[in-house]
Every structure is written in structure tokens, then in C-alpha cells.
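Subject: Structure handover

Hello,

Please find the structure for your files below. My notes on what was found in it follow directly after.

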Amino acid sequence: MIHFDAIIQKFGKQGEKTGWTYINIPGELAAKLNPDNRKSFRVKGRLDAHGISGATLLPMGGGDYILPLNAGMRKGIGKPLGASIRVCFEIDRRELQPPPELMECLQDEPEALRIFNALPKSHRNYYTNWINAAKTEPTKAKRIAATIEAMLKQWDFGQTVRSMRDTQDKA
């Protein structure tokens, strides 16, 4: 387990990361968790007193990583941009599982299930995290339906999210 203090930061214009709130994890600390690794990996632990699990550290080049802070993390921490937080991490080796509701619905659409299972694990994880991040049951149900539709249309995750956004914009 590693322990360190970090400052809550936010990207300005940074491609797909524009507007993200995050903390920086120096390469030497990330290497203590996952030596000789240059890819993203999951961690669990605490941000101040707020517990986290299944959070993904993303490589930023030069050996450093970031931890994007989603709304739940920011609310749990309760500190503003620029504040210092105490970080305690260890590697999270648990396998991320798709939501049971998604798998149940995919059973009713064998072709969608076949396509979903053929996706690389990281792509299945995009859908899993997106569905799990829904704050309400109606939103979760919409995301499950959109995932099944995307599988049948053989869309990637980006196309799925854009389609949902376009549908909301037209409503």
C-alpha cells in the first residue's frame, strides 16, 4: 500500500480529458504498486476518509499516472479544487463483472450477447462502468437498453454514448 498527499486538479483543454478533475500519481509511487507496468490499472483504498475500489489509474506518459475523480469521489471527499487530500492505495485485483441486469437482458438477445462477449475485456468494462455509474434506476435501464442496441448495431462505446447524447438533445 502507498500513502501520499495529492492536490485536486482539473484539466483545462486536454483532448478527451478536457474538464476532468483528477489527482496526479507520480511514476515512482505507481511503480511501487505495479512494477514494470505502463498501462492503466485498478486500485482500491481511501481518499481522505472516503473509500474507493475499482478506480482506474491512467498513464500520462513519463511514468506518471492520474486518478480521475468522478462526482461520487468528489462528493465523498468534500473538498474543492486545489485542496490537498491524503491518498492510500493498493492494487485492486478483483475482476470487474458486468451488472447482472445487463447479463439477464443480453440472454434475451443471443446475438447481442455473442457480440458483447466478443469485445475485448477493456471495452466490456467501458459499458460495465458506464451502467454502474448511473445514479437512478431509470438511467441504468436506459443505459442497458442502449448497450444492447449498440451490440446489435455493432457500435463501439463512443458511438453508443454519442447516440444517447444525441437522443437527449432532440428530446
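Strand 4 (residues 41-47) and strand 7 (84-91) pair in the antiparallel sense over 5 bridges. Two strands count as paired if DSSP finds at least two bridges between them. Within this pairing, lysine 44 stands opposite glutamate 90 of strand 7. This is a predicted model, in which local features need pLDDT of at least 70 and side-chain atom pairs count only at pLDDT 80 or more, while totals for chains, interfaces and linings use all residues. Residues are numbered from 1 along each chain as its sequence is written, and side-chain values use heavy atoms, with hydrogens and water left out.

The sheet

Strand 7 also pairs with strand 1, again in the antiparallel sense, over 6 bridges; there, histidine 3 stands opposite cysteine 88 of strand 7. Strand 4 pairs with strand 5 (residues 50-61) as well, antiparallel and over 6 bridges, and phenylalanine 41 stands opposite leucine 57 in strand 5. Taken as a whole, 7 strands form an open sheet with antiparallel pairing, in the order 1-7-4-5-6-3-2. Strand 1 (2-7) and strand 2 (9-10) stand at the edges with a single partner strand each, so one side of each has no neighbour in the sheet. As background, strands of a sheet pair through backbone hydrogen bonds, either parallel or antiparallel.

Overall layout

The protein has 7 helices and 7 strands. Helices (H or I, at least four residues) and strands (E, at least two) are DSSP runs, numbered from the N terminus. From that end on, the elements run β-β-β-α-β-β-β-α-β-α-α-α-α-α. The C-alpha trace spans about 45 × 35 × 30 Å along its principal axes. Of the 171 residues, 38% count as buried, where buried means under 20% relative accessible area, exposed over 50% and partly exposed in between (1.4 Å probe, protein chains only). Among contacts between residues at least 6 apart in sequence, 61% join residues at least 24 apart; contact means heavy atoms within 4.5 Å.

The nonpolar cores

A nonpolar core is a set of buried Ala, Val, Leu, Ile, Met, Phe, Trp, Tyr and Cys residues joined through side-chain atoms within 4.5 Å. The largest one has 25 residues, of which Ile23, Ile25, Leu47, Leu57, Leu67 and Phe89 touch the most other members. The elements that give two or more residues to this core are strand 1, strand 3 (21-25), helix 1 (27-33), strand 4, strand 5, strand 6 (64-68), helix 2 (71-77) and strand 7. Strand 7 gives the most, with 4 residues. Apart from this core lies another, of 17 residues, including Tyr127, Trp130, Ile131 and Ala146.

What does isoleucine 23 touch, not counting residues up to four places away in sequence? The list is Ala6, Ile7, Ile8, Leu47, Tyr65, Ile66, Leu67, Leu69, Ile85, Val87 and Phe89.

The helix contact

The axes of helix 4 (residues 110-118) and helix 6 (residues 137-153) come within 8 Å and cross at roughly 85 degrees. That makes helix 4 roughly perpendicular to helix 6. Angles under 35 degrees count as roughly parallel, over 145 as roughly antiparallel, 65 to 115 as roughly perpendicular and the rest as oblique. Axes are lines fitted to C-alpha atoms, for helices over the stretch in contact, and angles run from 0 to 180 degrees between N-to-C directions. Helix 4 contributes Glu111, Ala112, Ile115 and Phe116 to the contact, and helix 6 contributes Ile148, Met151 and Leu152.

Single residues

Lysine 140 is found in helix 6. Is lysine 140 buried or exposed? Lysine 140 is buried, with a relative accessible area of 15%. Leaving aside its neighbours within four places in sequence, lysine 140 is in contact with Pro99, Glu101, Ile131 and Ala134.

Most residues other than glycine have a negative phi. Aspartate 36, which is not a glycine, has a positive phi of about 60 degrees. Aspartate 36 is found in the loop between helix 1 and strand 4 and is exposed, with a relative accessible area of 82%. Glutamine 154 likewise has a positive phi, near 55 degrees. Glutamine 154 is found in the loop between helix 6 and helix 7 (157-170) and counts as exposed at 56% relative accessibility.

Regards
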